[in-house]
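Here is a short briefing on one protein structure. Please look over the sequence and the model first.

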Amino acid sequence: MPRLSEAYAKNNINGFSRYSELAFKLILFIALPCSILFAVNAGNIINLLYGININGFGVNGRYVAKNLLIISSFGTVFLSVNQLAAIILQNANKKKLPIINLLIGMACKLLIELMFVPSRVLGIYAYSIAIIVGFVVSSILNLYAVERIGCNIFDIKYLSKQFGLGV
């Protein structure tokens, strides 16, 4: 991150873009495996933290906690991308924009919570889903702003080809 600041201070747009792209790749290299690791080992993590018998209010607490951890694990990727995009924008003297985008994401989160928490289908799971949606919205807005300042941290055609090959 200090190299980002240095490149922007020296008006080195190519260096700023290159360091931003490298940071984006490193974030995904770390966040994606962690997200998958949390999702796959959710049951073991819940057993380690709370033990085997966490029941109450007539529900299987272990089952609910495991599912909440699985849902929430996918938010780590978007949280990481959101933080990186916010750092890039702050280094580019766009200090208020990440806050505004996070407020928009928080408004979407609140809207989803108000709509789906009372439902019998989603219930408590709506909180985890709402958090993910809030970070997704904020991440998309921040990444759009990063692209607008001329910093190409990802190639959407390349990512869609890789996703297509992976599926």
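Of the 167 residues in the protein chain, 30% are buried; buried means under 20% relative accessible area, exposed means over 50%, and partly exposed lies in between, with a 1.4 Å probe and protein chains only. This is a predicted model: local features need pLDDT of at least 70, side-chain atom pairs count only at pLDDT 80 or more, and totals for chains, interfaces and linings use all residues. Residues are numbered from 1 along each chain as its sequence is written, and side-chain values use heavy atoms, with hydrogens and water left out.

**Overall build**

- The protein chain has eight helices and zero strands. Helices (H or I, at least four residues) and strands (E, at least two) are DSSP runs, numbered from the N terminus.
- Along the sequence, the pattern reads α-α-α-α-α-α-α-α.
- Among contacts in the protein chain with a separation of 6 or more, 68% join residues 24 or more positions apart. Contact means heavy atoms within 4.5 Å.
- The accessible surface of the protein chain is about 10,900 Å², and carbon and sulfur atoms hold 68% of that surface. Accessible areas come from the Shrake-Rupley method with a 1.4 Å probe; for residues, only the protein chains shown count as cover.

**Helices α5 and α6**

- Helix α5 covers residues 75–91. Helix α6 covers residues 97–116.
- α5 and α6 pack at an angle of about 150°, and their axes are 9 Å apart. Axes are lines fitted to C-alpha atoms, for helices over the stretch in contact; angles run from 0 to 180 degrees between N-to-C directions.
- The two helices, α5 and α6, are therefore roughly antiparallel. Angles over 145 degrees count as roughly antiparallel, under 35 as roughly parallel, 65 to 115 as roughly perpendicular and the rest as oblique.
- From α5, Asn82, Ala86, Leu89 and Gln90 meet Leu97, Pro98 and Leu102 of α6.

**The loop between α5 and α6**

- Asn93 sits in this loop. Asn93 is exposed, at 55% relative accessibility.
- The phi of Asn93 is near 60°, a positive value in a residue other than glycine. Most residues other than glycine have a negative phi.
- Lys94 is in the loop between α5 and α6 too. Lys94 is partly exposed, at 37% relative accessibility.
- Lys94 touches Leu89 and Ile149, with residues up to four places away in sequence not counted.
- Lys94 and Val146 are 52 residues apart in sequence, yet 9.6 Å apart in space, C-alpha to C-alpha.

**Salt bridge**

- The count comes to one salt bridge. The rule asks for a side-chain nitrogen of Lys or Arg within 4 Å of a carboxyl oxygen of Asp or Glu.
- Glu113 and Lys109 form this salt bridge through their side chains, at 2.6 Å, N to O.
- Glu113 and Lys109 are separated by about one helical turn, because they are four residues apart in α6.
- Glu113 is buried, at 13% relative accessible area. Lys109 is partly exposed, at 25%.

**A surface patch and a buried serine**

- Leu48, Leu49 and Tyr50 make a nonpolar surface patch of about 390 Å². Patches are made of residues with over 30% relative accessible area and no salt bridge: like charges are joined within 9 Å, nonpolar side chains (Val, Leu, Ile, Met, Phe, Trp, Tyr) within 5 Å.
- Tyr50 belongs to helix α3 (residues 42–50). Tyr50 is exposed, with a relative accessible area of 51%.
- Ser73 belongs to helix α4 (residues 61–73). Ser73 is buried, at 2% relative accessibility.
- Ser73 contacts Ser35, Phe38 and Ala39, leaving aside neighbours within four places in sequence.
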